[in-house]
Each structure stands twice: as C-alpha cells, then as structure tokens.
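Student: I would like to go through the terms used for this structure. Please set each value against its definition.

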Amino acid sequence: MIYRLVAEIACTLMLIVLIAAIYARQASITSLMISSLSVDVVSFTSRTKLYSSMFTINKTWELIEMYEDEFNHTLGLFLVPAFNITFIPTATGSKVIVRTWSKHIIPFLNITVLRIITSGLTDKVIDSTDIEYKETETSVGEADFSISYNSSDIYVIFVGLYRFYTYTIVAPENITRQWYVASNTSKTDYIEVESGITVNRTYLIIPHYKEPVEANWTQSGNRVYVDEEPGTVAYILTTDTGEYFLVNRLPIPYIARKGSVELFKYLICNIDNVNYMLAVEVRKV
Amino acid sequence: MKALELALIAILLVTLYATLCTRTLSMKLALENDYWRLKHEATSLARVLADSEVLFYLLEEVLKDGTITAQEREYMNNRIRTIVTALAPPNVEVKVIVVDSNYNTIVNASTPLINECLTAATGKAIYTHSLIGIFLIMVTLGRPL
Amino acid sequence: MRRILSRRGQLSIITVTTLALLTVSMVAVIVLYQREIYRSEGAEAKSIAISEVLDSIRSDLKRLLALVMSNASRTYAFHPYYHNLTVFREDALPNVYLWTSLLSTKYDALVHIEFPEHNNITLFGGNYTIQENHMFKLYWYKPVAVSIGYVKATVSIPKAGIYNKTIDAYTGLSMNIEHFENVGNETKIRVRILVDEGYPLSDFRAINMTVLYPDFSYYWRKANIKDYKYLGMGRWEITITPQVQPMGITSSDPDGVIPLRVYIVDWRGIVASGLTYSGVRLVVRKNTPDVLYYYQGGYQTLDRSIGGTPDEIYTVELDWNFSLHFLLNEAPLNITSPNEKPPPIPPIPVKQFRVYISSDGVSWDLCPFQSEYWKKITWHGHEVWIPVSPANPAYWFNESCRLVFRVPFYTTSERHKYIEITWEADCDADLVNWPTSLIYNYSPPTYKDVISETFMVELIDTEHPQMRGYPWAYNGIAALGYRDANGSAFGPANIHLFGSEPLGGGIWALGVWRPYGTWRVFSKYAGPYSWASLPVRILVILNSTQVMNQATGEVRDDYYDTLAIAYVINGSKYMACLLHIYWESTESDYGAWMFSGMGGGRPEKFMYLRMRATVAGVGVVYNKTEIRDEIEEYSRMPHGSHWEYDDPNFFCTHWGSGIGRALLLSRSAVNALYTIGHQPRFAVTKSGRIGGAWVPQHSLEYEFNRLWHTTTFHTGDYYSYWFVFYQYSAGSGWNEWLKGYKYSPMFLEDYAPTISLEEVDTSW
C-alpha cells in the first residue's frame, strides 16, 4: 500500500513536472507576433494601414470610413492636425496658440494667418480687399496678430516647424460641407454638391500660400471636378445665388475621443508632393 | 472508483495546464501590446523627424565646420530633447540617437527615466542631408514603471 | 486478475493522457504559428509593416539623389571652372555606398542601387533623357531649364522574408520662363516651376530665386524681386526692379528680348539655371569687290567670279561685345540704335557653345570654332590686343574670350553668311573634337614646326636656332622658316631687320639687328582639355624686347621691341602675322627691312604692285592711276645681285616650279614704309655667298629705304601692321601672279568684313 501510494504520488509529481516542461517549452518558442484577430486596435491598425506613416488623402477617408463602419463601438478615433492649434479673438485682433498634443510648447514655429472675408465671396472675384494675411515667427508657442476676428469669416492658420507643416481652418459651421469624394488619384476625385446648386467660382485653400487661388473647374450634374494645386486642403465654392461653401479635402478634425489611448502617432499626408502632418489617436473603449 | 480517480486527476492536470497557459499568455499579450504600440509610435516619430528635417536644421549650424565642441554638443542635445519630447506621445520616456555614416554618434539625448522603463521600442529612419551627409535617426520610446 | 488489469489500466490512462497533452501542446504551437504566418491578415500585417520600411527607404532614396544633384548642380552653376559632371557622378558613388552600408548594418536591409537609362521624361512639352549610369542630367541655359535625376533600388530584408523589392526615386527641379514684359517701371516674369517628376511648385518659400540682367557694358547685375504671385499649376508671376530694357531684335518683336538669367535653388540645394534667350544670329558681310583692276599695257580687269574664290576664307574672332576682329581690324557690330545691341553671350562653360553657319538662314551647318583668351594691354603707351592662351573650355565665357571660326565665301555672289552663336542645353555636352590637319611638331633643338596641309613653318628661335638644311645658324633670332607641304625648303623669312655690320674686306652684313626671342605656340587647349587640338588655327607669339646682331651674336634690348602674333589656319593656304614694333632709342643705319623672305631658289618669276601714278607699275583701279606692269624673272639677275624697285604697294609675289607665294601687306604697313622710310623699295636678292658657293635665294623683300641710304628710327616710333603669306599653285606662265592677286583685297583694311545683328533666338 505504502509503495503504491508513493508510486502514485511520484507519478503525479512527474506528470506535473512533465506538463510544466511542456508548457515552458511552448511558452518559450511562441513568437511575439500578434494574431490580427486577437486585439481590436491591432486589427483596426492593420486594416486601415496605419502601419505606414505616409498617407494619401484617399487613405485618410478610408480610415474614417472603416472606423465608422466597423470599429466605432469598440474604439475611439482622433484624427487632427499634428499640433493643437487654437485661434482666439483678443482685444487687439487675434491670437494663435500652438501646443503639441502632449501639451508641450515647441521652441520655434512659423505661423501665418490668412483671413478670407466672406462678404467678398458673394458676387465677385476675391481681390486684395477681401484678404488679410500676416505671418510671424515665435519661440513661445503663441503669437498675436492684428487680424480681427469675425465669426462669419474663414481663417486658415498655417504652422510650420522647418518642413513640418500643419494647419487648421476656422470657419462657420453653417458654410462647411463634407462634400468631398476622394479617389485613388487626384484626377478622379470630385465634390458632390447638393442638387440645384450651380457653382460659379472655385477657390483653393493652400495653407502655405498667402491667398486663395482661383481654380479651373467643370460641373456635370452634381459633380464638380476641380483642377487642384499641390497642397490644396480645402475648396471654397461660390454659387450664382450668392451662397458660398467651404469643402474640406481632408476629414479633419475627426473627434470620437472615447476610451483610453492605445496608440498615438503622426501621419505624413502627401497632397501631390506637399506634405502636411496629421496626428492620429486610436483609443480603446 | 479507480477510473473516476484517474479521470479526476486528468481533469485536474488539464485545468492546471490551461490556467497556466492563459495566465502567461495574457501577460505576454499585454507586454506585447505595449511593445507593439511603442514600436509604432517610435517609428512614426523617427519618420516624421526625418521628413520634416527638424533635427537637421539644428545640426546644420553645428556640423558645418565639421567638428563639435562639448559645449555645442550639450546645447544641441538639450534642444533636441526639448523638441522630441514635445512631439512624443504623452507619458513616455524618450531617447534620440543620431548616427552618421561613419557610425559616430552625433546626438544622444534622452529623458532621465528612460533606463528604468519596463518596455521600450526603437524606431529608425534614415536621413540624407544635401549639405552635411547621411544619418540614421533612432528614436526609443519607453513606458515607465 | 482484476488487480493486474486495473494496474495496467492506470498506466494506460497515464500514458494516453501524457501523449495527449504532448500532442495538444505541439498542435497548439503549430496552429499558432500557422495563424501567425499564413493567415492573410497576419501576412498582410507583416507586408504592411515592411511597406513602411520600404516607404521610408524610398523617401530617403530621393534625398540621397538630391544630395548628389545638389552638390553637382550648385558647383556647375556657381564655380567658374569645375564643369565636369562625370567627375561629380564618380564622387557621388562613395556617398551611395555609405548609404547602403548604413542601411544594411543598422536597418538590416540589403539595398542595391542602379542607375538605369530613363528616357521620355516629358517636361514642358519636351522630352528629356537620363542615360544609363548617369544618375542625373542638367539641361540648362535656355528658357527651359531642367535638372532631373532617377535611381532604382532593389531592397531585400532577409529576416522578414522580403527579397528584391524594387523601388525607384525621381528627384528634380525644372523651370520654364514662359513670358516676360515691362509694365510701368518694373519687369514682370512668368515662370513655371515643377518639382521632381512634374509636381507644380506651390510653395514659393521652398525655393530661392535670383534674377540677373546685363547693362549695356555687359556687366550682370542682380535684380530686386519686389513681389510674387501664384497663378496656379506651378506658375509664378515675379515682379522685379529696375525695369530691364529689351536688347536686340527677335523674329516676333522688333524691340528684342529682355535678357535675363534666372536661377532657382530649392530647399534641397538643387539648382536650375535658365536664360530668356538661346542664341544670337549675326550676319557677316564680305566687302571685297568682284572685279579687280590692274594695268598691263592698258587697264585690265580680273573678274574674281571666274573660277570662284575658294580661298576667300576669313578667320574671324568674335569677342563678347560681338565686335568682329580680323587681323588687326576691329569691326564693331553694326547697329542703328543702342537697343539693337544683342544680349551678351552668357557666362556659361565654353564647351557647351556651338557655332552654326548658313548661307540662306534656313539650312545650318555646325562650324568648327575655338575659344581664345585675349586681353588688351598698354604696350609702350599703345592699346594692343594680345592673345593670352587658348581658353579652358571648362571655364565660363567671359570678356576675355573670343570665339574664332572660319567664314568662307567661295563665290563672289555670296555676299553674306549667317552665323548663329548658340549653346547646348545638355551640360554634359563636351567640346567637339574637330579634325584638324594642323600639327605642331615640337622636339627642340631640331624640330619646332607648325605643319599645315599646304606648307610648313619652322619656328626659328632660341630653342630651334637653325633651320634644317639652311647653312646659316640664327642663334636665337626669331624668324619663320618656310617649307612646302612635302618639306622642300624655301628658306627663312625675317620679320624685321635693321642696320649693318662690317665683316672686313669691304664686305658688310646687312639687316643684322633682328628680333631675338622664343616663339610661344598654342596648338592645344589648356588644362583638362589638352587632349583637344585647336581646330581653326595655331597661334604663334613672339614678345621680345631684345634684338640680336646676326653677324656678331650680340644681343641688345635698347633698339626695338617686337610683338608678333602669327597664325597658321587649318584648311587654308595663308598664314598671317600681325606685328607691333616700338623703338626704344633713336637709331640710324643702312639697311632697314620690313620683311625679307627667302625663296630657296625655286621661284622663277616675280612681280610687285606699284603705288603712284607717275611711275610704271600695276595698281588697283579705285584711284585709276596710270601705271604700267613690271614682271621679272630671277634668271635675268646675276649672282649676288640685289635689285630694288621703287613705289611699292601692298602686294608682291613670286612663282614657278608649281608654287606661287604671295606676300600681302596691310595699308598700315605700306603707310609705315612711306612714313618712316621716305624711299621705300620692293627688292629681290638672287643669291647669297657661303664658303665660296652661291646659295640661291630668289627672295621677296620690302625695305624702308634704298639700300645704301640711311634710315633713321626715332625713340617712340611705333607702327603696327600685318603681312599675310599666301601660297597658291602656279605654273611658270607670266600671268600666274593673278591667282595671288585675286585674294589681295581680303587683307586690306578698307575691304575688311563687317558684322551686324540678324536676330536673337528665343527658342528652346
């Protein structure tokens, strides 16, 4: 009996050791690569190609689309300009405050502000009286401008750190439209306007340039095809009826900031050989 | 009776095995998650530093005459640390190493707690400057304890 | 029984359990691996991660190419003589190797870089090619300027299982100067700038533009860029001050072209340099008459159209002001107003220049040319142009350069020729190595010969003191020893002789004081182009303050200074020698020659052109003088005789034994003969005596004065002139001299060719 008991205990112990050894071997040879099905963030990242840093306009729209279609319950998404740019009115005009998304100050920046007075869009071509443009350099992350703030005007703020360019557009919500339809090449993208709208002029907003550029365009039905310039980030369309609209070419800012941060990275958005930097955060709900 | 006993032992052993597996693998996944995230963020930051040429405006002044004094090096490291820390994601430790084509370390700037990080990942980007040469940028991001 | 069975049962279960667990764990590992590696999302995840690495490598491959192109283009644009792009390409290879080795050690990526051929790069409607192994090309200096590069790389990352992924990179900067006009007191230029493979440049802050314009003294000044405006698609309108005046005439605009040099440097340091014009078209007119007159028992005409004028070839020099230099003539560009002055020949490497010639302005032929450096010096108070050296073709064209080329007029009906000075856009374009029949044989002391198709000249001087086969040694006197094409000697020709020396026994040596020195010869280009022979002419220069007494060997530097510039021209039958003589002190003596050339005893007959009405001789009709001919034979002269003839003019010749040799003087030479000499003479010498034997000479000579009359040269006497030696084939007939006379007006100042502007070319 005793021998049998001892034998049985020994067997059990050996079995445990054997299993432990098998386990140790398995654990040691398993690679560190993650199966894409196991984690949502990884799955989202690989399917939207967020692995790359270089993005085209089309890919940013696909990113938003993929998020909204499949991941908006389990993840949060934050797609914004690379810096946190705030534009506020002051007593003497306006002020631009630039911080990184980790709340730091960048020690050297080039900031320009372009103001497009929208009342000049209604019935004529934009001229120098409808534009105000100022540029400055700052080492404290903020700068004052003598451009006054009017909530019905469009402001394009460009921020550059050497060749790290980013921008933001401040415009009234009632004229902003998400009409842009991206495609793989800039030759076949277009703006889909509401039916009944006839465009009579288009302007391109190119953040690093001092004024909007009038562009050539054609309209067939609801589709407006515009000849873009490299670096065009938005369009201003004016119509025969005196209305005007701002159409963004990039889906920024996109703010579905819920959950905790899983990934924060920069994207280099290549718009026909001109690079603008964006920041993207993927969050887990 | 014996059969039951043996069955019980078998189930016990399997359960023990499965529990051990799950626990360790989960931990590994957690660690791997962190590593994976830091790797992507570091690569993206290195790439952005290269393409925006930010570092090289700082280096150009110093490297134009070919040699760097200790004082210039200190100043440069401080400035680079400031910029890279500002651009890095929140709550990470940062280390930047820039190596030239002769494998000399030109820049070695880091935040104080980088060596105490549990997990760290390095992203690399190669950068060629038309005046001062070819460099490799290595950005290490670390998650502190 | 049951116990044994149950024990066996236990063992079986244990065994089965263990084996099952082992199998399960192995299967789990395998399945896990399968999912990691072979599931499509896993593979995609890996390939996407790799695509980030490849993308990063491609991004820097462009920068690597930019590094190479910026070094090369900046140096080519701004350095005065480093203009060999092949050297830059070779110098770039170490950078490429450093880059690939940095990638392999630090990135674990094996990169192999190639420079394949890439053609059909279309920019601004034109096609550009990068040849294999060239890496980059620069097409500049026209209204379209293109700097373009292309590389291909094969990347392998073995640890990730990626092999031979190909990536390529295009880098470049291109500019088209589309339009320019003056508005108000400013000039507006519209340029279109493209980056890399054709992306319009919309960020003006990314480039640095400089605009230069010339003033009327052809000094290039920097214009001030007042404003810029973006017109879309890479088009920029730049406003500059001051307003730049148009120059020249174009086919579309009689006011001409606004001459501007525009160069842009982008943020990477790549340069593109353009010009608003691409060439200057000129007209060279000949002014020689179609009919010459002479008196031979009555007025006779020589119709030059008979037999054509195959030897009427002008070797002209064009300087940067477009003045035409021929011999010592300087004919400035014929323009009616200052604005008609064409824009300057731009400062670009000479090797890129091309000269085209046309009779009708429609069909053009590439014309050989050479570039020489000339400078104006003050030589004893007189401004004199002297050649310094052949130009270095790698160097920029500048105000010291002259383009030298031949303008032929083979028939009398051809009154003008069109010349286009233009340049290649391809900065790899090299000097055209034209074939030449001119040879310089230099192995002193025996050989210092310039050899052309029709004659040979031995350069007798301090290095080559004795003409081969000639009994008298010259011991350093500078002279020209003529031989015909198969080497038979005519003997030395002395370019200036003065004074006499008694040798004893009533014998005098005459014309003893002759220039002493060394001829400098330029037969090839300088510097890195010493492999290229000068295709148009070989220059021979003597600049000496010394003279030597041919009889005693004494050398002095207080008589006269000689500056002689001679050239032997490829494919022509004449040799020209320009002379400047300056007297340091007042000297008087017997025997002063302007020129004395031996004939080696071979010519049979001789004649010379006479001047004045009252004396018998042969003259040109424009003053319709009454003159009679004088043609003689050497055979009628006794040995040792020296016959002098009065009233010399600009032409004399001797001929026979198949060859005729004419000596043509300039009007200034004739003027010097009469001003200084008062009784100048044309003379011939039958023979000279050496060691008891008569050595035949049959010379042609011009003397300032009759032989036994004193000629006085005063301190400060200066005269400059030229003579041309023309060799023609001639039988023994009495009228063979007309073959030489036919070409005589070519070398007179009043018939020198002239130049005017046709138009400025703005095509590209």
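**Helices, burial and backbone**

Tutor: In helix 2 of chain A, Asp40(A), Ser43(A), Phe44(A) and Arg47(A) meet Leu63(A), Met66(A), Tyr67(A), Glu70(A) and Phe71(A) of helix 3 of chain A. Contact means heavy atoms within 4.5 Å, and helices are DSSP runs (H or I, at least four residues) numbered from the N terminus, as are strands (E, at least two). By class, five residues of this contact are nonpolar, one is polar and three are charged. Ala, Val, Leu, Ile, Met, Phe, Trp, Tyr, Cys and Pro count as nonpolar, Asp, Glu, Lys and Arg as charged, and the others, Gly among them, as polar.

The model is predicted: local features need pLDDT of at least 70 and side-chain atom pairs 80 or more, while totals for chains, interfaces and linings use all residues. Residues are numbered from 1 along each chain as its sequence is written, chains are lettered from A and ligands numbered from 1 in the order written, and side-chain values use heavy atoms, without hydrogens and water.

Student: How do the axes of helix 2 and helix 3 of chain A cross?

Tutor: The axes of helix 2 (residues 40-47) and helix 3 (residues 57-71) of chain A come within 10 Å and cross at roughly 145°. Axes are lines fitted to C-alpha atoms, for helices over the stretch in contact, and angles run from 0 to 180 degrees between N-to-C directions.

Student: What makes the length of helix 3 of chain C agree with expectation?

Tutor: The expected span is 1.5 Å times one less than the number of residues. Helix 3 (residues 85-107) of chain C has 23 residues and should span 33 Å; its end C-alpha atoms are 32 Å apart, so the two agree.

Student: Is Ser323(C) called buried or exposed, and why?

Tutor: Buried means under 20% relative accessible area, exposed over 50%, and partly exposed in between (1.4 Å probe, protein chains only). Ser323(C) has 6% relative accessibility, so Ser323(C) counts as buried. Ser323(C) lies in the loop between strand 18 (313-319) and strand 19 (324-326) of chain C.

Student: Why is Lys103(A) placed in its accessibility class?

Tutor: The relative accessible area of Lys103(A) is 71%, therefore Lys103(A) is exposed. Lys103(A) also has a positive phi of about 70° although it is not a glycine. Most residues other than glycine have a negative phi.

Student: What about Asp647(C), buried or exposed?

Tutor: At 2% relative accessibility, Asp647(C) is buried. Asp647(C) has a positive phi too, of about 60°.
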